[in-house]
Amino acid sequence: MKLGALGEFGLIDSIRARVGVAPGVHRGIGDDAAELEIPAGHRLLTSTDLLLEEVHFRFAWTSAYDLGRKAVAVNLSDIAAMGGEPRFVYVGLACPAATEVSQLEAFVNGVLAETAEHGVTLVGGDTCRSPGPWVISVTVEGTAPVGTAVGRDGASPGDLVLVSGTLGDSALALSLWQQGENPDSWLAARHNRPSPRIALGRELALTGLATAMIDLSDGVASDLEHILQASGVGAEILGPALPLSLAFRSHLERQPGLIDLALGGGEDYELLCTVPAARLDEALSAGGRIGVPLTMIGTVKERAAGFRLRDAAGEVRPLRVRGYDHFCR
Ligand SMILES: [Mg+2]
């Protein structure tokens with residue numbers, strides 16, 4: 001059956017029936033607005049993201065189910081980057097009337113699986129016919145106790161730069177697809193099924209360990225630059241310290257130029273944070289406890305030091321920002 005036969009309200013009713021009741025939700029899907037409760041002494045964190053077919057994803061390289069999961073996950077990652085707890089999600093979707101209902105169901109299954117995994121509730125959204133590509137807009141709301149949310153503006157000279165997980169896997173998978181090759185299933189999942197680092201972000205925030213934090217959507221070079229700008233500081237990154245997966249290393253042996261993907265490749269959705277040097281061990285053990293390893297990759301410097309990379313030979317060069325900018329290609 002095509003979506004055109006089911007209709008918008010048939011689609012919304014089928015989703016509402018599956019979401020059910022959830023804590024904090026007085027009114028969810030189906031009224032003019034959601035009516036929600038946030039815990040006393042908390043502040044609301046809100047973030048939104050747009051995913052456009054052929055710009056952010058291609059159905060040749062992802063399933064509709066994985067797309068539904070990723071559309072939610074990348075938004076949860078933004079709440080993780082503030083140290084918050086995600087609670088409510090809204091999904092806007094435009095797709096052609098000729099879309100198969102089964103494909104749409106797979107997308108909704110992905111959305112609901114990702115929200116369920118993280119204890120988040122789908123409380124609203126909108127649907128509309130698209131004359132061409134799919135357009136997905138997800139908004140997430142989370143909360144954090146007053147005074148605990150971590151911004152991009154708190155890094156000070158002497159702080160250390162830490163990153164979770166490994167870098168460049170997602171960009172490597174994408175570059176393989178673009179070259180007509182197939183990444184192995186682990187690399188493909190690093191691109192199509194990112195894991196928002198919610199527990200780690202909350203731990204780094206609630207313990208006051210992170211002085212600044214961001215999630216890696218555009219690559220370390222670009223995303224750390226956002227922290228440096230907001231904090232009015234510089235930084236030196238240690239090239240050999242960048243955490244790389246075994247899969248990434250095996251490709252790197254054949255193609256040394258791929259190291260650029262670890263610095264400038266996007267969509268890792270790992271957390272990048274700054275931590276006072278005296279609290280490094282505490283931060284590393286927090287990562288260990290949560291099961292998402294943190295790696296120290298550099299030091300925050302005075303602004304005059306700029307943003308630079310020190311390579312294995314000890315040579316230092318300015319770090320050119322190669323992150324993704326939608327309006328400057
Ligand atoms: Mg972000």
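Guide: Let us begin with the largest nonpolar core, which has 83 residues in this predicted model. V89, L162, L204, A210, M213 and C273 are the members that touch the most others.

Visitor: What makes this set of residues a nonpolar core?

Guide: Two conditions count: the residues are buried ones of nonpolar kinds, and they are joined through C-beta atoms within 7 Å. The element that gives the most to this core is α3, with 10 residues.

Visitor: How do you know which residues V89 touches?

Guide: Contact requires C-beta atoms within 7 Å. Leaving aside residues up to four places away in sequence, V89 touches V72, N75, T115, V120, L122, V123, V138 and V140.

Visitor: How far apart are the centres of the two domains?

Guide: Taken over C-alpha atoms, the centres of domain 1 and domain 2 are separated by 27 Å. Their contact takes 17 residues from domain 1 and 18 residues from domain 2. On the side of domain 1 that touches domain 2, the elements giving two or more residues are α3 (64-80) and β4 (85-95). There, α3 gives the most, with nine residues.

Visitor: What classes of residue make up that side of domain 1?

Guide: The side of domain 1 that touches domain 2 has eight nonpolar, five charged and four polar residues.

Visitor: Let us turn to the helices. What describes the way α7 and α11 pack?

Guide: Two packed helices are described by the angle between their axes and the distance between the axes. For α7 and helix α11 (residues 280-290), the angle is about 150° and the axes are 10 Å apart. The crossing of α7 past α11 is right-handed. From α7, the contact is made by A199, L200, E203 and L204, and from α11 by A283, A286, G287 and I290. By class, this contact has six nonpolar, one polar and one charged residues.

Visitor: Which residues of α7 are buried?

Guide: In α7 (residues 198-206), the buried residues are I198, L200, G201, R202, L204 and A205. Just after α7, G208 takes a positive phi of about 70°.

Visitor: Why is Y269 called buried rather than exposed?

Guide: The cut-off for buried is 20 or more other C-beta atoms within 10 Å. Y269 has 24 within that distance, so Y269 is buried. Y269 sits in the loop between α10 (259-264) and β10 (271-275). Although Y269 is not a glycine, its phi is positive, about 55°.

Visitor: And what makes E54 exposed?

Guide: E54 has 10, so E54 is exposed. E54 is in the loop between β3 (42-52) and α3. E54 is a residue other than glycine with a positive phi, near 80°.

Visitor: Why is E315 called exposed?

Guide: E315 has 9 other C-beta atoms within 10 Å, so by the cut-off of 12 or fewer E315 is exposed. The loop between β12 (307-310) and β13 (316-318) holds E315. E315 and I214 are 101 residues apart along the chain, and their C-alpha atoms are separated by 27 Å.

Notes:
Residues numbered from 1 in each chain as written. Predicted model: local features only at pLDDT ≥ 70, side-chain atom pairs only at ≥ 80, totals over all residues. Domains from an automatic or database assignment. Contact = placed C-beta atoms within 7 Å. Helix = DSSP H or I, 4+ residues; strand = E, 2+ residues; numbered from the N terminus. Nonpolar A, V, L, I, M, F, W, Y, C, P; charged D, E, K, R; others polar. Axes fitted to C-alpha atoms, helices over the stretch in contact; angles between N-to-C directions. Left-handed = near helix turned anticlockwise from the far one by under 90°.
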